Structures are given as structure tokens and as C-alpha cells.
Amino acid sequence: MTEAAAWSGLAIETRGLTKRFGRQAAVKDVDLEVPRGAVFGFLGPNGSGKTTTIRMLLGLAAPTSGEARVLGHEMPREGGRVLPRVGALVEGPGFYPYLSGTGNLHRLDSADRYAIGRTRGARVEHALDRVGLGSAATKKVKAYSLGMKQRLGIANALLTPRELLVLDEPTNGLDPQGTREVRSLIRSLAAEGTTVFVSSHLLAEIEQICTHAAIMSAGSLVAQGTLDELREVGRPRVRLLTPDVALAAPVLRTFGMAVESHDSAPEASADGREIIAILGDDSIEPDAVVAALVAAKVRVRGFAVERTSLEDRFVALTGEGFNVDQ
Amino acid sequence: MTSDTETAHASTVDSSTTVLASVRARPAVGWALLGSEISVLFRRKRTWAMLLALAAVPILIALAVRLTESNPTSPGRGPAFLSQITNNGLFVAATGLVVCVPLFLPLTVGVVAGDTIAGEASAGTLRYLLIAPASRLRLLAVKYIGAAAFSLAATLVVAISGTLIGIALFPIGPVTLLSGDTIGVGESFVRSLLVAAFITVSLLGLSAIGLFFSTLTDVPVGAMAATIVLAVVSQVLDNLPQLVWLQPYLFSHYWLSFADLLRQPIAWDSFGANAILQGAYLLIFAALAYGRFSSKDILS
Ligand SMILES: Nc1ncnc2c1ncn2[C@@H]1O[C@H](COP(=O)(O)OP(=O)(O)OP(=O)(O)O)[C@@H](O)[C@H]1O
Ligand SMILES: [Mg+2]
């Protein structure tokens with residue numbers, strides 16, 4: 001396999017990406033694969049290494065080992081060629097407090113040698129309008145609220161048309177309207193063909209806008225894929241409520257299901273007990289299972305097939321604990 | 001430029017939602033960032049405050065001399081040229097520069113040069129400049145040129161404010177140089193500009209040192225303080241007789257030698273030696289700054 005063939009046409013690809021701060025590995029052995037055109041959610045609890053990974057993708061920090069490719073180019077070596085095509089928000093906005101919103105965007109746009117100076121004013125104005133800051137454009141940034149600064153940060157990422165947007169917690173500090181606007185902005189950018197890589201710990205948000213996701217835990221990548229793939233890693237489960245537990249279990253087993261729990265189920269009541277069984281095979285018809293249970297004289301008081309939510313997966317992969325893992 | 005115009009026309013017409021020509025096929029040289037740096041630096045209130053403070057120094061000197069004219073200071077006391085002011089207002093500028101060179105100019109230049117990279121880091125704008133992207137080398141170059149431009153502006157402000165207040169408060173006439181020769185008023189303005197150029201060059205080494213310190217930290221005040229302290233230490237060492245062997249290599253060694261430009265004929269030796277010394281400091285500290293900054297992880 002040649003080097004060119006080894007690297008596919010992904011928007012972001014990393015191999016064994018590792019970053020150490022002293023003895024602590026903030027990111028270890030991460031192999032990310034972000035397809036072009038995807039809206040890719042980058043999930044993980046606080047301190048799991050999301051921002052550190054993003055810094056390496058953007059060439060701000062050098063990996064301790066491993067490599068990263070962005071839009072087919074090696075980072076940080078080829079950053080000068082790739083970064084003009086990438087818009088980014090990294091660990092919150094950073095602006096000159098003594099300049100206006102417009103002044104700040106002019107300043108940052110002038111650093112891009114590929115941006116055309118003649119259209120700068122119009123592009124800045126357009127970007128500010130896109131994030132709803134048109135009326136606060138001439139206000140000094142020191143008079144901006146947190147959410148306004150966040151919006152200005154997003155506007156900065158949109159100064160020129162980008163092939164890739166890297167947004168580190170873009171809705172941090174935004175009001176509900178702002179959050180919704182950012183979601184619809186991401187959707188419309190994705191519809192134009194922009195690949196969006198968005199980090200967050202808000203699962204609901206990721207579930208609403210992303211096509212793909214990856215989950216980080218204590219510096220390691222513990223899962224990645226399309227949202228459906230991620231949810232389905234845990235098989236669908238059958239939840240059965242019945243007083244006839246002893247009768248039901250063998251019936252479920254004849255369908256190849258692993259009966260997970262019954263005795264200790266907290267829902268146990270006079271009505272019956274809950275049995276949870278893993279549906280071994282997608283081809284099993286839930287109707288047939290219920291028919292077989294009824295035929296075996298099992299009183300079925302409740303029956304449901306559930307898929308795991310992203311939240312279940314997230315908690316299963318990153319742990320229940322509230323404390324930050326080091 | 002012509003190719004930009006064509007793309008602009010091609011893309012503005014194809015959509016109702018203003019699509020603007022926004023990117024060029026090949027990168028520009030990157031002067032836009034330098035323009036932005038200079039304009040941001042000189043629009044900043046802090047820069048104005050420092051320039052105003054510098055402008056006030058010759059004004060205060062002139063006022064003090066004017067108000068105490070009845071009992072003139074004995075010659076030999078106070079800064080050089082002070083005793084000449086009452087006879088000729090054109091000496092106010094030179095006196096102001098003599099007063100500002102040891103402390104006030106290094107202080108303000110230290111603030112600007114120490115702030116270059118560390119200030120961007122602490123504001124959180126460094127990461128956004130670098131991913132815009134401004135290459136690290138280009139950013140250092142732009143920042144250094146900005147600090148040098150401030151050194152020039154600061155020196156000129158003292159010279160101009162001194163000249164104006166001198167004309168306003170004292171008689172003006174042909175200037176007697178240190179060599180005893182006399183030059184006309186017009187020629188004396190040329191000499192003032194030469195002195196300003198000499199002092200600006202004198203501050204180039206200090207600016208490079210400040211730039212280097214600024215790449216070492218995310219705390220701008222730290223880099224500023226280190227730069228200013230070093231300027232003071234260098235001048236103290238320059239006055240210790242035990243260190244005569246070291247003194248020609250101190251970046252402050254020629255700071256007050258601009259008096260050589262006030263002789264007839266002009267003694268250019270110290271101008272040349274100073275330029276070489278400052279160039280050497282610039283090369284060494286710019287290389288150190290690049291060595292540090294090019295491989296630095298930007299975690300601010
Ligand atoms: N400059 C630094 N020096 C030392 N350790 C650091 C530094 N920056 C980050 N770390 C460590 O690296 C780990 C990952 O941090 P990172 O900022 O990437 O987390 P994150 O996933 O972005 O968290 P959050 O959701 O809170 O933004 C943390 O354990 C943190 O302590
Ligand atoms: Mg983070």
C-alpha cells in the first residue's frame with residue numbers, strides 16, 4: 001500500500017495521535033476518521049482531551065507522537081495551505097476588548113493571505129449578520145456579553161467560505177434562541193457541503209444535528225461512527241412486564257435472547273416483574289415473541305423493544321462518576 | 001489584482017444572497033497584517049497615553065526653565081543642553097531627548113515590545129491569528145516592525161514636542177554646536193531628525209529583546225518588566241569601571257552618543273558602531289524568538 005492510498009479522502013484523519021503534558025497523557029492514541037460532508041460530533045466529559053485534540057488538528061500544538069491530516073494535508077507542517085480553508089472556534093472566543101466586533105474581524109481576516117482585502121468590509125458585515133450581531137457590530141467587544149462574544153467567534157469562522165469548520169463547544173454561553181440559531185446555521189452550512197466538526201458535552205444537541213460522532217474518555221477515543229452505529233453497538237432490548245417470570249424466561253430463550261435480569265428489577269410489584277432481554281437478532285419479529293408468550297400462557301402486561309440512547313452509550317463508555325478522570 | 005476583479009464579477013452575479021469574491025488563488029504577500037498591526041497599535045488608548053506622557057517631558061522642562069529664568073541654574077548642573085535653553089529654544093528638543101533616553105523611552109518601548117506576543121496570548125487572540133492563518137515567522141516580523149515603528153514614533157514625539165514648545169517659549173536663532181561651530185535654524189532641524197534616527201536605531205536591540213521575552217510567557221506584564229529591568233541593568237553595567245571590557249557590547253552603550261551628531265563635521269563613528277551593535281542584537285534575539293516561538297505549543 002502506498003502512502004497516498006493509505007490516507008483516504010477524509011476531512012480529518014488522525015493516527016495514533018498522542019499529546020503528553022509532562023507525565024499525563026491528555027490525548028492518547030486517537031484514530032479519528034471524519035468523512036467529508038459529515039456533521040461530526042466530538043463528545044467527551046470535561047478534561048477528556050477534546051480541546052487538546054482540536055489544538056493539534058489546527059497546528060497550534062504539536063503531537064507528542066502520531067500524525068494528523070486535515071483536508072488531506074499533514075498538520076502542522078502544511079498548515080499554511082490548509083488553514084485558509086478551515087474556520088475554527090477553539091476553547092471559546094478570543095478578541096481585542098478595545099476594538100469593535102467589526103474591528104476584530106477585520107484584524108483577523110487581514111492575517112489570512114488568501115482573503116481578498118477589497119471585499120473584507122462586505123464579508124465581515126455578512127458574517128456578523130449571519131450570527132445576529134449586525135446591530136452590535138460597532139460596539140467595543142469589552143461591552144459584549146459572553147454569548148455575543150461566542151457569536152463573534154462563530155462569525156470569525158465564517159469570514160470566507162470554508163471546507164471544514166471546527167467548532168469547540170459553539171453553544172457555550174448562548175441563550176436558547178442562540179443555541180437554536182447555531183444549530184440551524186450548522187445545518188445550513190452542512191447542506192452547502194461544509195464538513196462540520198463540533199465538540200460538545202451536550203448530548204441532546206449532538207443527537208439533533210450530527211450524522212456522525214466520536215466519544216472521548218480520559219484522553220482515549222472509545223467509540224466513533226455514524227449515530228446509528230453508535231446506538232446499535234448495544235443491541236436492542238426487550239422489556240417485558242409479567243407476573244409469570246418463570247414461564248416467560250424459557251420462551252424468550254427459545255428466540256435466542258439472553259435474559260438479563262428479573263429478580264432484582266426495581267419495578268417488581270404486584271403487577272408482575274420486569275424482564276429485560278437482549279434481542280439477539282434483528283430479524284426476530286416482536287409480534288411473534290408476544291404471540292409465543294401468550295401461547296405459553298404468560299400474562300403479558302407490558303412489552304417494549306428499546307434501542308439504547310446516545311446518552312446510555314455515553315454514560316456506559318465514559319463512566320457514571322462525576323469526578324474528572326485524570 | 002486584475003484576477004481578483006474577475007473572480008469578483010464572476011461570483012457576485014450568480015446568486016441573490018450576495019456571494020462575495022473572498023479568496024484568491026495565490027496568497028498575497030501579507031502586508032495587510034502589517035497594516036492592521038500598525039493601525040491597531042496606534043489606535044490603542046495605551047499607546048496614546050504613552051506618547052502623550054513622552055510629549056509632556058520636554059514641555060515640563062521648558063516650563064520649568066521659563067518659570068525659573070530669573071535665577072538660572074549654574075552651568076554643569078542638570079541634563080546636557082539645559083543651560084542653553086534660555087538663549088535658544090531649539091535646545092529644548094535635545095534636552096528632552098537626553099532626559100528620555102535612559103528611562104522613559106526604554107520604558108515605553110519595553111511595554112510595546114514585551115506585549116507583542118504575550119499580549120496576544122493573554123487576550124486569546126494569538127490562537128486565532130495563527131489559525132487565520134498568520135505563519136509564526138510572519139507574525140513575529142509584523143510584531144517586530146510594529147515595535148520598531150513605535151520606537152520611531154516615540155522618539156519623534158519627544159523631538160517635535162520639544163521643538164514646538166521651544167519655539168513657543170524662547171527666542172530662536174542659529175545654534176552653536178558642541179564643536180563651537182554655528183549652524184542655521186534649518187540645518188538644526190536636519191540635525192534633530194538625525195538625532196531621532198540615531199535614537200530609534202538605538203532602541204532596535206531593546207525591541208528585539210522584548211520580542212524574545214514576549215515569546216516566553218503568556219503574561220505580558222512579565223515580559224514588559226523583564227525588558228525594562230534589562231535596559232536599566234545594562235546602563236548600570238555601562239557605568240561600572242570594572243566592566244570596561246564588557247561595555248562596548250552592551251546594547252545601551254551608545255544610547256547617549258547621539259551628541260556626536262551635534263558636532264561639525266558630524267562624527268559618524270558612533271552612529272556606525274551603534275548600528276552594527278543594534279543589528280547584532282536584532283539578529284541574535286530575533287533568532288532566539290523564532291527558535292522559541294516556531295515550536296511553541298499555543299495553549300493560551
Ligand atoms: N496547558 C496544559 N498543561 C497541562 N495540562 C493540560 C493543559 N491543557 C490541558 N491539559 C490537560 O489535558 C487534559 C485534556 O484537556 P482538554 O482541555 O483537552 O479537555 P476538554 O475535553 O476540552 O475538556 P472541556 O470539556 O472541559 O473543555 C486535561 O486533563 C487537562 O488537565
Ligand atoms: Mg475543551
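The model is predicted: local features need pLDDT of at least 70, side-chain atom pairs count only at pLDDT 80 or more, and totals for chains, interfaces and linings use all residues. Residues are numbered from 1 along each chain as its sequence is written, chains are lettered from A and ligands numbered from 1 in the order in which they are written, and side-chain values use heavy atoms, with hydrogens and water left out. Helices (H or I, at least four residues) and strands (E, at least two) are DSSP runs, numbered from the N terminus.

**Ligand 1**

- Residues from chains A and B surround ligand 1, so the site is shared between chains.
- Of the 15 residues around ligand 1, the nearest are A:Q24, A:G47, A:K50, A:T51 and A:T52; a residue is near a molecule or strand if one of its heavy atoms lies within 4 Å of it.
- A polar contact is a pair of N or O atoms within 3.5 Å; within protein, one must be able to donate a hydrogen and the other to accept it, and residues adjacent in sequence count only if both atoms are side-chain atoms.
- The side chain of A:Q24 has an N or O atom 2.8 Å from an oxygen atom of ligand 1.
- For A:N46, a polar side-chain atom lies 2.9 Å from an oxygen atom of the ligand.
- A:S48 takes part through its backbone, with a polar atom 3.2 Å from an oxygen atom of ligand 1.

**Helices α5 and α10 of chain B**

- The axes of α5(B) (residues 104-123) and α10(B) (residues 220-237) come within 7 Å and cross at roughly 150 degrees. Axes are lines fitted to C-alpha atoms, for helices over the stretch in contact, and angles run from 0 to 180 degrees between N-to-C directions.
- That crossing angle makes α5(B) roughly antiparallel to α10(B). Angles under 35 degrees count as roughly parallel, over 145 as roughly antiparallel, 65 to 115 as roughly perpendicular and the rest as oblique.
- The crossing of α5(B) with α10(B) is right-handed (the near helix is turned clockwise from the far one by less than a right angle).
- Residues in contact (heavy atoms within 4.5 Å) include B:G110, B:G114 and B:A118 of α5(B) and B:A223, B:T227 and B:A231 of α10(B).
- The contact of α5(B) with α10(B) comprises 9 nonpolar, 5 polar and 1 charged residues. Ala, Val, Leu, Ile, Met, Phe, Trp, Tyr, Cys and Pro count as nonpolar, Asp, Glu, Lys and Arg as charged, and the others, Gly among them, as polar.

**Helix α3 of chain B and its partners**

- α3(B) (residues 45-67) packs with α7(B) (residues 136-169) at an angle of about 30 degrees, the axes being 9 Å apart.
- The angle makes α3(B) roughly parallel to α7(B).
- α3(B) passes α7(B) in a right-handed crossing.
- Among the contact residues are B:L51, B:L54 and B:I59 of α3(B) and B:F150, B:V157 and B:I165 of α7(B).
- By class, 15 nonpolar, 3 polar and 1 charged residues form the contact of α3(B) with α7(B).
- α2(B) (residues 31-43) also packs with α3(B), at about 65 degrees with axes 5 Å apart.
- B:L41, B:F42 and B:R43 of α2(B) meet B:K45, B:T47, B:W48 and B:L51 of α3(B).
- The contact of α2(B) with α3(B) has 4 nonpolar, 1 polar and 2 charged residues.

**Backbone features**

- A:M75 and A:P76 are joined by a cis peptide bond, with omega about 0 degrees; A:P76 lies in the loop between β6 (73-75) and α3 (79-82) of chain A.
- A cis peptide bond also joins B:A132 and B:P133, with omega about 0 degrees; B:P133 is in the loop between α6 (125-131) and α7 of chain B.
- A:E91, a residue other than glycine, has a positive phi near 45 degrees and is found in the loop between β7 (86-89) and α4 (101-110) of chain A.
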